[in-house]
Amino acid sequence: MIAGGLPSTATTRFFPGAFLLSNQQNIGTYGTLAEPGPLSAPEKIVLGLGILLAAALFLWRFRPILRNILRSKKDPGFKLSPLGPRIWDFFWEVLCQGKVIRQRPLPGLAHAFVFWGFLAFALVTLNHVATGFGIGFLSPYSLIGRFYFYFAAIWAVLVAVSITGLFIRRFFVRPVWLGRKVSYESGVIALLIFLLMVTYLGAFFVASGSTEVRLLWWAHILTLLAFLPLIPHTKHLHLVLSPVTVFLKNDGYSKIPPLTGDEDFGLVTGKDVTQLISLQTYSCVECGRCTEHCPAANTGKLLNPKEIVLGIRTYLNEFGPASEVPLLTESRIASPDNPPERYLSMEAAFECTTCGSCEFQCPVGIQHLPVIVGLRRGVTNTGVWEDTYGTKLFLALEKNGNALGLSSTERDKFLQRQAFPIFDGTQEYCLWLGCMGGYDPKGREIIADFARVMQYLGTSFGVLKKEKCTGDPARRLGNDLVFQTLAESGLKNFETAKVKKIVAICPHCVRTIATDWREFGIAPEIEHHSEFMARYKDRLPKQQGEKIVYHDPCYLGRYQDVYEEPRAVVEQAGTLVEAPRSRERSFCCGAGGGLAFLGEEKGERVSHVRARELAGTGAQVVGTACPFCNTMFRDALTAVSEAPPQLLDIAQLTARALPASQPSQGPHHSPVTGGAQ
Amino acid sequence: MSGVLVVMEQRSGAWNRMSFEALAAGQQLAAKLGAECSAAVVGSDPGALATELSSKKLKKAFAVQHALLGIYTSDGYVAALEQLIKEENPDFVLLPHTYQVRDYAPALATRFQQVLISDVIGIRTEDDRADSPIFVRQLLQGKLNADYRHIPPGPCFVSIQAGTFRADAVEDGTAATETFSPRLSPDQIRNKPGEPFRESSHTVDLTAAPVIVSVGRGIGEEGNLPIVEELAKALGAELAASRPICDNGWLPMERQVGSSGQTVSPKLYVAIGISGAIQHLVGMKGSKAVLAINKDENAPIFEIADYGVAGDLFEIVPELTKAIQTAKS
Amino acid sequence: MKIVVAIKQVPERDAPIHIAADGRWIEEGDLNYTINEPDAYALEEALQLKEKQGDAEVVVVSAGPERVQSTLREALAKGADRAIHIECDDLSTRDTLGVAQVLAETIKAESPDLILTGLQSDDLGLGQTGVVLAELLGIPHATIILQVEFSGAGLKVKRELEDGWFQHVEMPLPALLTIQSGGNKLRYATLMGIKKAKTKELKTVLAAEASAAATISMERVYLPEKQKKTEMLTGSPQEIAAKIVEKLKFEVRVI
């Protein structure tokens, strides 16, 4: 006994119950972790057998899972390097629990305490088992041991409180995102964790070598041994898998892997499920964060990203990774006898706007978009998906090269009317119109206004004589033939015109050209007009007063991490107001993933939900930075509001304050720009 | 005979009104050639119709008559007209470019090792080659015109597009009627046509409607819809709407035209109070003719309209309805 | 059951129109070619018949220069079983009869049960090749067909008449049908189809020399005088109404 009375006094202060105990027993030992003393040989045998049994049960249950993961198709083109980002993600998402806390602060913090508590307990647990065999290495009487056990005790309290809170949340508050069914397993697990903590803490209040400590010691180890085999069987498998999943997940957001060989059409059957997908689906902790933020799930549609993940997991368990049973079929539409969590339905897969909230939110590193787009590829590339609007869209892209199915002469006429200079290699920028900018009346206004901004800034630009769609809607709907054709012709188009730098008003175009085209060649540097304008924000006219609520387009925010630039532009044009859900939590407008072209939605319109939210901020203007968001809100705002706010793109917000038909003022006044007047 | 022969079209004793446009074309062509024009009508009992033609300026009006010609079959018509043409030996055979003519005339021309110059929108003669008229056709969906000439010998077969000539330009006169009885046997006729029918139209099928009157946001409120409904009724048109109207439940969703509704291509599309958002434009851009009435003269709908009225629909639409009713009565 | 689909390759619908130097056709240099749309519907009908019938073979045939092979490959990708390219570089100098003769020669050798083709072409729009082909082969035909079904030893087809009228026609096989656009829904080309098409047969045969001179000639082409432009009608409501009625009567011709 080294430390005398001080720690025990402290302990009694922290643990009021100990005061009662302290009157009955030797004061010197209370408040120190009691040791069970040497175990008898039979006890040691029981312990050894217990550990073996638990380990065997764990492996027995874990092996088929591991086998399914390992027997899945290798991920084509998977590379471990560069390690830096992987290590950072592991540090931030696993060790710091960054995502878990940030996106759901209270339960997130509770989870983080449990997690960190577990980490703190690793050493304690090892020592606990070792003590049983008489080879304990941490003595509660050593300075380090005493310190560490107290340290762990603090964590034990935090874990116990946290797990109680999480238990209450799951079983009494019952947020809808956790699923309609109550998972009793989760209750058992919570209880076991609670017991683990209590049995640990209890040992501070009993004397070393006492019967009580012996009982606590056994209770603790048995709880642990009961816990172990439950892990692979329940969503608590994430304890084992998710650190690996987070570390191994594919680089890039919403990355759609290239197809390999002549037999690869996307996720058609179990044979196409890759190891990473397999690993990810087994890591799912069913927290429902993906569902909570999903625009489809929130507006009464069948799609629930969690069920997609669990659907793949169920498929793997049922049919195995080598199965040739189709992953998606029409008949697998949910019904009371055929609940969606068991099966994957085509309807659900085509309700995804690819907004990417799910992937962004997922705390265990699941990448939903490659899966959802992969499932779409599987049925689109093979012609199984039959949808009037989808077919119309694909045929329009095949024939006309634009998603709207309009004649390219319509674009020619617009170019002539605007007297846009044709890009000839002498200008700094190629101004990319996109389908919306080239054909949509509202998109054309945005392009025309952005052109005015460029002229005002004295930046020279030209437009391409001919443009075809980047293939974004085809890409997201899983039509690789159309996408590849368009990507290749687009790359050639840029090469022929000797384009070096592109600026575009459409985040979908920017993302597709910059990221998705990479599979077929190197595209010129491309930026979104928000980035361009933000760079010159000090030279843009400062406007006063008006409240402008900015809507983050999914393909600009989450997809490209551009949050500040459009805000900087908005701030020049008025007073920036934030929507309740903004930045990386921004709620989709409903247009992405090709859905703008797919006809009527089931349930409530995504655009209406978002428009209501934007109008509800009381701002006079809704500022957008994507022509698709713009077109969605155009109808939605008038539908949800009696006196709808004005709807303007950031280019229009800027251009409205420019002096009328002002010639170029910039230092780089170029003759080409001048010629465009 | 040389000269021009016009093959008229009838069904169940009623003229196809395009026949008289072809007849006018035949008379005018004959006049330019300095030749005579005859006409023929085919049927099981076309005598009465041939008699009607006797008051037109024609050389002859043939009643091509046979029991097997009561119901149209290409086999019957080709065989009968082949015999008539062989006997009469015209230089030009003119036909209205109807669905029926499209069905048999190419085969008829083939019997003479000829090619039908189809869907002609104009006939011109040049002074130096008055005997070799130029037939104007449209190519590439009307984006290009082409001049065609027939290379003699043999009869030249021509079908005339609707509306190219005016039926009221047919010159009156007198014509001798003549019955022509072709030799036909039932085994020559291989197809067995059924009775013509119309589709039951309890569901709205905008895609098949020849005329559509479509209403948009500019209508203001549901109570104003009747003025547009009246116009649709006067025109015999289907009523359609842009998305906001259907969203508000003023008209059922099945009447929505646009990217999330129907894609239509009527002969005439009347857009009332529709500004022309792209979602709407893609649904109706295939219309043959577009009439747009909108307050805002900068509305994008005017970009694709053939006829535009920048004005108050509440003033113009009722007037238009009245004018159409008067014109039709 | 063997179904032959005769396909024409035509310039894309929004092709740039520049008159060629000789004034007899448009510049072909910057044209992109595609399947004639009504022929795409004919192909679709054939593929659907095959899907219903089970044991049918769909053979696509196209005459023209080498470039038509790309259109035939697309047809194979959409599901046709075999393709025949009738190589003919002077196709444009032959008239409808000449073209139909070229097709007839090859198709006769295939002795199909059914021949389908589009009701007209997007470029020349003469709308006759199918009917003439049937005449040359001595088989019955029906035009502007929306639906096809086999009934007994023959066919029952739904034919479009004018003004919203239809008619069923029964006919024996072999027969030729010209298919109306829009009767079916076209399918989109798929990656799988393209990959499968690589292994399918595409045979090239040479067209015979033209047996007779053309009987009609296209002398020259030119842009129509009146380009489509919005005509704004102005005046008092009554005047505007009268002007509209005039247009609807004589230009649009719906009254």
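What does the secondary structure of chain C come to in helices and strands? Chain C has six helices and 13 strands, where helices (H or I, at least four residues) and strands (E, at least two) are DSSP runs numbered from the N terminus. This is a predicted model, in which local features need pLDDT of at least 70 and side-chain atom pairs count only at pLDDT 80 or more, while totals for chains, interfaces and linings use all residues. Residues are numbered from 1 along each chain as its sequence is written, and chains are lettered from A and ligands numbered from 1 in the order in which they are written.

**Chain C as a whole**

- Along the principal axes, the C-alpha atoms of chain C fill a box of roughly 65 × 45 × 40 Å.
- Of the 255 residues in chain C, 46% are buried, a residue being buried if 20 or more other C-beta atoms lie within 10 Å of its own, exposed if 12 or fewer, and partly exposed in between, with C-beta atoms placed from the backbone.
- When contacts in chain C between residues at least 6 apart in sequence are considered, 70% join residues at least 24 apart; two residues are in contact if their C-beta atoms, placed from the backbone, lie within 7 Å.

**Chain C against chain B**

- This contact takes 64 residues from chain C and 66 residues from chain B.
- On the chain C side, the elements that give two or more residues include α3 (96-110), α4 (129-137), β7 (141-151) and β12 (216-222), and α6(C) gives the most, with 10 residues.
- By class, that side of chain C has 37 nonpolar, 13 polar and 14 charged residues, where Ala, Val, Leu, Ile, Met, Phe, Trp, Tyr, Cys and Pro count as nonpolar, Asp, Glu, Lys and Arg as charged, and the others, Gly among them, as polar.
- Strand β18 (residues 307-310) of chain B runs parallel to β13(C) and is joined to it by two bridges, with Tyr307(B) standing opposite Glu231(C); two strands pair if DSSP finds at least two bridges between them.

- Strands β1 (residues 4-8) and β6 (residues 92-96) of chain B run parallel and are joined by three bridges, and the bridge partner of Leu5(B) in β6(B) is Val93(B).

**Chain C against chain A**

- Here the contact takes 15 residues from chain C and 17 residues from chain A.
- Helix α5 (residues 191-197) of chain C provides the largest share of the chain C side, five residues, and by class that side has six nonpolar, three polar and six charged residues.

**Domains**

- Chain B is assigned domain 1 (4-188) and domain 2 (206-328), with bounds that come from an automatic or database domain assignment, and 39 Å separate the centres of these two domains, taken over C-alpha atoms.
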